[in-house]
Amino acid sequence: MKFLIITHVEHKLKGENISAYAPYVREMNLWLKYVDEVFIVAPKTQEEKTAIDLDYRHSNIQFSEIPAIQFTDFKNAIRSFCKLPIILMAIYRASKNADHIHLRCPGNIGLLGGLVQIFFPKKVKTAKYAGNWDPKAKQPFSYKLQKWLLSNTFLTKNMSVLVYGTWKNQTKNIKQFFTASFKKDEIEFPEVRDYSETLQFVFIGTLVEGKRPLLTIQIVENLQKKGKKVSLDIFGDGVLRPELESYINHNNLKDFVTFHGNQNKQVVKQALKNAYFLILPSKSEGWPKAVAESMFYGTIPITTSISCVPWMLDFGKRGILIEPNLVDAVDKIVSYLGKEEELIEMSKLASKWSQNYTLNTFETEVSKLLKHK
């Protein structure tokens, strides 16, 4: 099988090795176990490989570089429009030679792939929509356009669209799916936390406005002001880091707030085993891996009600759902801190649920998608 991946994810090439963002590549490597040839159409970056990158594992990979595009301002939009013919032609040529077309959405390149696939109605296709599929969500026009296009069974034929969560009134090609980070042999019975001790919080994610890392810091800061013994470990990097570090220094929070930057899977895994709570007051998510990963080892997630997150948390039984409001969030957390038995049970339920979604289970479901075709 000739398997084509069309994605906006930037790739790093060094010698014969091709790498990209680790969680994405770790997932794709499971798909690639069942194909003979791999073709990747994606942007390339000259940046060096880091701790959060991973190599593809396949003996027969061909990479076709396309320019990255963005429409964040007028100048970039004009430049991007000029690049569209090059990108569309590259996607068309690759699609023509492929047996299976796999789109990674949402993203500008995924949208272009979605348009090109219309011209190949008989080819087998899958699309992984890693964003928020909630029909009622407020999203950019390009996201809504991708969702409409993927759901349109007249224009999009012979495609399985993999989405997070269960939503009403969907077309027959929309299939509920999930993602995973840990293998079956990594399952452990979570350690019972003592919630009367120092409350260890973690934040895992890119330090950008959409993840609300400042709100996370302020929540822990206010818990400390209320007399709670707390610590916060922040894993991840991004454009907001200097601003966040300035806030921590200005408010004398260094004694209990620590930045760790980007770390590999094993470091993050150990942090989750030790932590009591994960805070992710994000504006938008698909299937937030940080939430599922925290639950795997009994760390209780504290997060906003977005996408399929309420379902993941069983509407408050497996985690704490908050509003993105500092006062309300702190009050909600404080109300739980006096209920130690309830928190212990919540931790157990979170772990039991998340441990159903292993990489082994994911691989089995992926193989069914490919073999079925």
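Q: Is Met89 buried or exposed, or something in between?
A: Keep in mind that this is a predicted model. Met89 has a relative accessible area of 40%, so that makes it partly exposed.

Q: Which residues make a nonpolar surface patch with it?
A: Met89 teams up with Tyr92 and Phe119, and the patch comes to about 330 Å².

Q: And where does Met89 sit?
A: In helix H2.

Q: OK, new topic: the open sheet. What's the strand order?
A: The order runs E6-E4-E1-E7-E8-E9-E10, which is 7 strands with parallel pairing. At the edges you'll find strand E6 (61-65) and strand E10 (174-177), each pairing on one side only. From one strand to the next, the twist averages 20 degrees.

Q: Which helices pack on that sheet?
A: Helix H1 (residues 22-32) is one of them, touching strand E1 (2-6), strand E4 (37-42), strand E7 (100-105), E8 and E9. The H1 direction makes about 160 degrees with that of E1. Helix H2 (residues 74-97) packs there too, touching E1, E4 and E7, and its direction makes about 155 degrees with that of E1.

Q: How do E8 and E9 pair up?
A: Strand E8 (residues 124-129) and strand E9 (residues 159-164) pair in the parallel sense over 4 bridges. Thr126 has Ser160 of E9 as its bridge partner, and Ala127 stands opposite Val161.

Q: How many of the E9 residues are buried?
A: 6 of its 6 residues. Met159, Val161 and Val163 are buried on one side, and Ser160, Leu162 and Tyr164 are buried on the other, so to speak a strand with both faces covered.

Q: Switching to salt bridges: how many are there?
A: The count comes to 15.

Q: Which one links distant parts of the chain?
A: Glu186 with Lys265 does, with the closest N and O atoms 3.4 Å apart. Glu186 is in the loop between E10 and strand E11 (199-204), while Lys265 is in helix H7 (residues 265-274), 79 residues apart.

Q: Is Glu186 buried or exposed?
A: Buried, because its relative accessible area is 11% and the cut-off is under 20%. Lys265 is at 23%, so that one counts as partly exposed.

Q: What about Glu221 and Lys225?
A: Those two form a salt bridge as well, with the closest N and O atoms 3.5 Å apart. Both lie in helix H5 (residues 213-225), 4 residues apart, about one turn of the helix. Glu221 is buried at 4% relative accessibility, whereas Lys225 is exposed at 60%.

Q: Last stop, Thr303. Why does it count as buried?
A: Because its relative accessibility is 1%. Thr303 is in strand E15 (residues 300-304). Leaving aside neighbours within four places in sequence, Thr303 is in contact with Leu280, Val309, Leu313, Ile320, Leu321 and Ile322.

Q: And Leu337, what does that touch?
A: Not counting residues up to four places away in sequence, Leu337 touches Leu199, Lys228, Phe277 and Leu343. Leu337 is in helix H10 (residues 326-337) and is buried, with a relative accessible area of 13%. Leu337 and Lys228 are 109 residues apart in sequence, yet 9.5 Å apart in space, C-alpha to C-alpha.

Technical notes. Residues numbered from 1 in each chain as written. Predicted model: local features only at pLDDT ≥ 70, side-chain atom pairs only at ≥ 80, totals over all residues. Heavy atoms only, no water. Pairing = 2+ DSSP bridges. Helix = DSSP H or I, 4+ residues; strand = E, 2+ residues; numbered from the N terminus. Axes fitted to C-alpha atoms, helices over the stretch in contact; angles between N-to-C directions. Contact = heavy atoms within 4.5 Å. Buried < 20%, exposed > 50% of the residue type's maximum accessible area, 1.4 Å probe, protein only. Patch = residues over 30% accessible without salt bridge, like charges linked within 9 Å, V, L, I, M, F, W, Y side chains within 5 Å. Areas by Shrake-Rupley, 256 points an atom, 1.4 Å probe, with all protein chains shown as cover. Salt bridge = Lys/Arg side-chain N within 4 Å of Asp/Glu carboxyl O.
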